[in-house]
Amino acid sequence: MHPWRRSVAGEEGSAALEFIAVGVILLVPMVYLVIALGGIQEQTLGAEAAARHMARVIARAPDAASATERGDAVLRGVIDEYGLDADAVDVTLTCTPSGVECPSSGATVFVTVSARVRLPLVPELFGLDRSTAVPVQATSAQKVSRLWGAR
């Protein structure tokens, strides 16, 4: 009447062991994923902040020399604040319409900030840290006043 009890009788206590083993096997990659995604998100926010603030200070600067100084100061501040790798950050500045000096009166300034995020716990062996780096990029646009440089 109870043949099922005989087949289950030899497996008492194995559910807890299976739960612990499977839990550890799934928990370690999950923790790594959370740490890696947190680092990527931090660097993405840093690139976005750098692009946005650089475009603003360049468009609001009174002349080209102070625009360069202010843009560099903002970039240094964002790199320090967000922990970006200064060697992995690349900044591109363009203006529209094409053919005008950048920045200039009435132009639109586009600032693109690119960076590479190294994944945690990846060794530098054979350049694995560089080949597994995740690229992040942010672009911001800001219109320069028509009265720019007239002060």
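## Basis of the report

Contact means heavy atoms within 4.5 Å. The structure is a predicted model, in which local features need pLDDT of at least 70 and side-chain atom pairs count only at pLDDT 80 or more, while totals for chains, interfaces and linings use all residues. Residues are numbered from 1 along each chain as its sequence is written, and side-chain values use heavy atoms, with hydrogens and water left out.

## Ser140

Ser140 lies in strand S3 (residues 134-143); strands are DSSP runs of E, at least two residues, and helices runs of H or I, at least four, both numbered from the N terminus. With a relative accessible area of 14%, Ser140 is buried (under 20%; exposed is over 50% and partly exposed in between, with a 1.4 Å probe and protein chains only).

Leaving aside residues up to four places away in sequence, Ser140 is in contact with Ala51, Arg52, Ala55, Val109, Phe110 and Val111.

## Tyr32

Helix H2 (residues 14-60) contains Tyr32. This residue, Tyr32, has a relative accessible area of 31% and is therefore partly exposed.

Not counting residues up to four places away in sequence, Tyr32 touches Leu119, Pro120, Leu121 and Val122. Between Tyr32 and Leu121 the C-alpha to C-alpha distance is 9.1 Å, at a sequence separation of 89 residues.
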